[in-house]
Amino acid sequence: MAGRYKSPLRWSDVTPRETYLNRRSFMAAAGAAAAVGGIGGPLQAQEALEPNTFEEITSYNNFYEFGTGKDDPKRYAGQLTTDPWAIEVDGLVERPGTYDIADVIAGKTIEERIYRFRCVEAWSMVIPWNGFELADFLEQVGVQPSAKYVAFETLVRPEEMPGVRFPVLEWPYREGLRLDEAMHPLTMMATGLYGEDMPNQNGAPIRLVVPWKYGFKSIKSIVRMTLTEDEPPTSWNMSQPREYGFYSNVNPTVDHPRWSQATERRIGGGLFAGREPTLMFNGYEEEVAGLYTGMDLTEFF
Ligand code: MTE
């Protein structure tokens, strides 16, 4: 396994939390840059990496436990009680049990990672997460040699989650990874963004982030992890197996049955608003392609 992952996106690429991208000052800066270097390459490259604002990241969400509208999570997730919180760890582990989240976090080095985020619905953002590598937590609980997959579940609490009254999915929301994907240094347990505790609508207090897969694999508000020998059932695959595979690696050459995955719409848009080409493995091909050597990515989509 390669060493710890170093993001090519840096804090200097992030729009400060309080400073909305002010179109006028950005255009002034763009004008200055154009005057110096000529409009073209560098300016467009900078635009391509422009991260989303805190406001964008926290007001356009998918969290169906709170409703299926993009603004439902922001409207309703505030009522979710996230403290105390624990993760139940069971299955093929050396140290099964109930892990209090505050204790887990206290024992980890919290890092900042700026990742691309690509939803299967063909929109995308760039998000500055805080958290730790899932591998660190798996080491803590001790994975048994026979384990091949990790299954995750989200909390179901109808009193606080208005969306679970509707059978849009079979609750709880479930996701899963192959063990080598889970152990990959890019795979994070995220506890915050923009240096703040995770906003409820983004999956407080702890969620998965797997940047080379479609966003639905990045399950929110996790309460259970189970190490298994067999591939675990996952919510979207259970609901529409033809549309959502277990792997769900971002792949511009494999279209969703109802739309193309070749391009994406960057939320926020900016000066060069329009669709951008989607990158293989969401831009993390160099890091993760080796996990899938010899696999037909059309069959295992
Ligand atoms: N996790 C749970 N528990 N419930 C959900 O509805 N939606 C998924 C994923 N994790 C979802 C979830 C989908 S479809 C996406 S695109 C991302 O969360 C959205 O994450 P964001 O709102 O932080 O951008």
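On a 1 Å grid over the protein atoms alone, a pocket is an open set of points with protein on both sides within 12 Å along at least five of seven lines, whereas a cavity is a set of points where a 1.4 Å probe fits but cannot get out. A molecule sits in a pocket if more than half of its atoms lie within 2 Å of its grid points. In this structure, the space taken by the ligand is the largest pocket.

The model is a predicted one, in which local features need pLDDT of at least 70 and side-chain atom pairs count only at pLDDT 80 or more, while totals for chains, interfaces and linings use all residues. Residues are numbered from 1 along each chain as its sequence is written, and side-chain values use heavy atoms, with hydrogens and water left out.

**The ligand site**

Around the ligand stand 17 residues, of which Asn 61, Tyr 64, Glu 65, Arg 207 and Lys 220 come nearest; a residue is near if one of its heavy atoms lies within 4 Å. The shell holds eight nonpolar, six polar and three charged residues. In this classification Asp, Glu, Lys and Arg count as charged, Ala, Val, Leu, Ile, Met, Phe, Trp, Tyr, Cys and Pro as nonpolar, and the others, Gly among them, as polar.

| Residue | Polar atom of the residue | Ligand atom | Distance |
|---|---|---|---|
| Arg 207 | side chain | oxygen | 2.7 Å |
| Lys 220 | side chain | oxygen | 2.7 Å |
| Ser 218 | backbone | nitrogen | 3.0 Å |

On its own the ligand has 530 Å² of accessible area, and the protein covers 98% of that area (Shrake-Rupley method, 1.4 Å probe).

**Backbone features in loops**

The peptide bond from Trp 171 to Pro 172 is cis, with omega near 0 degrees, and Pro 172 belongs to the loop between β5 (149–154) and β6 (174–178). Another cis bond runs from Ala 204 to Pro 205, with omega near -5 degrees; Pro 205 lies in the loop between β8 (196–197) and β9 (207–209).

Tyr 194, although not a glycine, has a positive phi of about 50 degrees. Its place is in the loop between β7 (188–193) and β8. Tyr 194 counts as buried because its relative accessibility is 8%, buried meaning under 20% relative accessible area (1.4 Å probe, protein chains only).

Ser 248 is likewise a non-glycine residue with a positive phi of about 50 degrees, found in the loop between α8 (235–239) and β11 (263–266). At 4% relative accessibility, Ser 248 is also buried.

Technical notes: A polar contact is a pair of N or O atoms within 3.5 Å; within protein, one must be able to donate a hydrogen and the other to accept it, and residues adjacent in sequence count only if both atoms are side-chain atoms. On a 1 Å grid over the protein atoms alone, a cavity is a set of points where a 1.4 Å probe fits but cannot get out, and a pocket is an open set with protein on both sides within 12 Å along at least five of seven lines; lining residues have an atom within 4 Å of a point. Helices (H or I, at least four residues) and strands (E, at least two) are DSSP runs, numbered from the N terminus. Buried means under 20% relative accessible area, exposed over 50%, partly exposed in between (1.4 Å probe, protein chains only).
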